[in-house]
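These entries record what I looked up in one structure, topic by topic.

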Amino acid sequence: MKLLLAPMEGLADAPMRDLLTAAGHYDWAVSEFARVSAAKLSARSFRRIAPELDHGSRTRAGAPVRVQLLGSDPACMAASAAELAALAPAGIDLNFGCPAPTVNRHRGGAVLLEEPELIHRITRRVRAAVPAAVPVSAKMRLGVEDPGRALDAARALAEGGVGLLVVHARTRQQGYRPPAHWEWVGRVADAVAVPVVANGEVWSVADWRRCRAISGVPDVMLGRGAVADPFLVDRIRSDRPFCADHDWPRLQRLIDAFWGDVQQRVPARHAPGRLKQWLNLLRRRYPQAGALFAALRAEASVEGVSRVLGGASGPRSALAA
């Protein structure tokens, strides 16, 4: 059984990956996407998105990090992948799942699932451009509107050379609206000869059990559910019940540590919003986080947030401990 941490654009950045992989054991994580357009990306671009590349492609807690590429030009994708491979990533992941309209309008992400021949060429070129020892995986959705197209897309990716396929169990049109259609993950798994990982709408241990039972696949990638409950991954591994009151003191320490880390690694004008974004998700599972979010909502400065959190004296990085 594998549990993976999903790439979440604008949410699971390096500080959040450090936090989540310190709070629980993931087999590996995937970075936010590096956008490949008209030219090969530089090593600097990859290090900005995945600073873990300078530390053995691992988070501070030791979780391997695969770096994700998004684009539609096979040659540029292959050249960028070769540049990335020279930095020794834990793996390269290809994004065919992003539903964002801005990304899709520029022929990136889930919209490419309508073009199986193109995603096959992209995958084949990327696989040929990097050493065999570098794993290449891909993340996809159930097509754009019609999930029936998912099987053609999955076959195109598998035959193009990906060694593992993550399937977010919704179409692009469905976005993040529940439910997730886990039964389609099973259909994809039956259609390809590579391992398939289920993703989408797993917020609890019960969701994880149902996802595996319905999809028939053993491995699951956790996304927003992991951000809303940082202990979910270990709760799954240990079959420990959820108790907000029991976990809140430990979560408070993580919040303090995250705030210190964000101050070090995020521009000051963005730091308060970054913490409030996380608290907004945490309050789905933790009433205490809702109260803290309300107390911080009007604070726009680092000093104001630190005062509310308990008079933190400045940047620190408890997550590095």
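Predicted model: local features only at pLDDT ≥ 70, side-chain atom pairs only at ≥ 80, totals over all residues.

**Entry 1: V196.** V196 has a relative accessible area of 7%, and because buried means under 20%, V196 counts as buried. I located V196 in strand 7, which covers residues 196-199. I then asked which residues V196 is in contact with, leaving aside its neighbours within four places in sequence. They are L165, V167, V185, V188, A189, V217 and D219. I also looked up V196 against L11: the two are 185 residues apart in sequence, and their C-alpha atoms are 24 Å apart in space.

**Entry 2: the nonpolar core.** I turned to the largest nonpolar core, which has 110 residues. Which of them touch the most other members? I noted L69, F96, M140, L165, I255, L275 and W278. Helix 11 gives the largest share of this core, eight residues. L165, listed here, is also one of the contacts of V196.

**Entry 3: helix 12.** Helix 12 runs over residues 271-282, twelve in number. From its first C-alpha to its last, helix 12 reaches 17 Å, close to the 16 Å expected at 1.5 Å a residue. Is helix 12 largely enclosed by the rest of the structure or largely open? Nine of its twelve residues are buried, so helix 12 is largely enclosed. I recorded the buried residues as A271, P272, R274, L275, K276, W278, L279, L281 and L282. Among the elements that cover them are helix 1 (14-23), helix 9 (224-228), helix 11 (244-265), helix 13 (287-296) and helix 14 (302-309).

Entry 4: I next looked for empty space. Rolling a probe the size of a water molecule over the atoms shows where such space is left. The largest pocket has a volume of about 460 Å³. It is lined by 27 residues, and those closest to its centre are P7, M8, E9, K139 and Y176. Strand 2 (28-35) and helix 9 are the elements that give two or more residues to this lining. By class, the lining of the largest pocket holds twelve nonpolar, eight polar and seven charged residues.

The second largest pocket has a volume of about 250 Å³. Of its 13 lining residues, D13, A14, E32, R48 and I49 are the closest to its centre. At least two residues of this lining come from each of helix 1, strand 2 and helix 2 (43-49). I counted six nonpolar, one polar and six charged residues in the lining of the second largest pocket.

**Entry 5: backbone.** Most residues other than glycine have a negative phi, and most peptide bonds are trans. Where did I find departures? The peptide bond from P178 to P179 is cis, with omega near 5°. P179 lies in the loop between strand 6 (164-168) and helix 7 (182-191).

S57 has a positive phi, near 60°, and sits in the loop between helix 2 and strand 3 (65-70). R107 has a positive phi as well, near 55°, and is found in the loop between helix 4 (101-105) and helix 5 (116-129). Is each of these residues buried or exposed? S57 counts as buried, at 1% relative accessibility, whereas R107 is partly exposed, with a relative accessible area of 39%.

Definitions and conventions:
Residues numbered from 1 in each chain as written. Heavy atoms only, no water. Helix = DSSP H or I, 4+ residues; strand = E, 2+ residues; numbered from the N terminus. Expected span 1.5 Å × (residues − 1). Buried < 20%, exposed > 50% of the residue type's maximum accessible area, 1.4 Å probe, protein only. Contact = heavy atoms within 4.5 Å. 1 Å grid on protein atoms, 1.4 Å probe; cavity = no way out; pocket = protein on both sides within 12 Å on 5 of 7 lines; lining within 4 Å. Points joined across faces, edges and corners; volume = space filled by probe spheres on them. Nonpolar A, V, L, I, M, F, W, Y, C, P; charged D, E, K, R; others polar. Core = buried A, V, L, I, M, F, W, Y, C linked by side-chain atoms within 4.5 Å.
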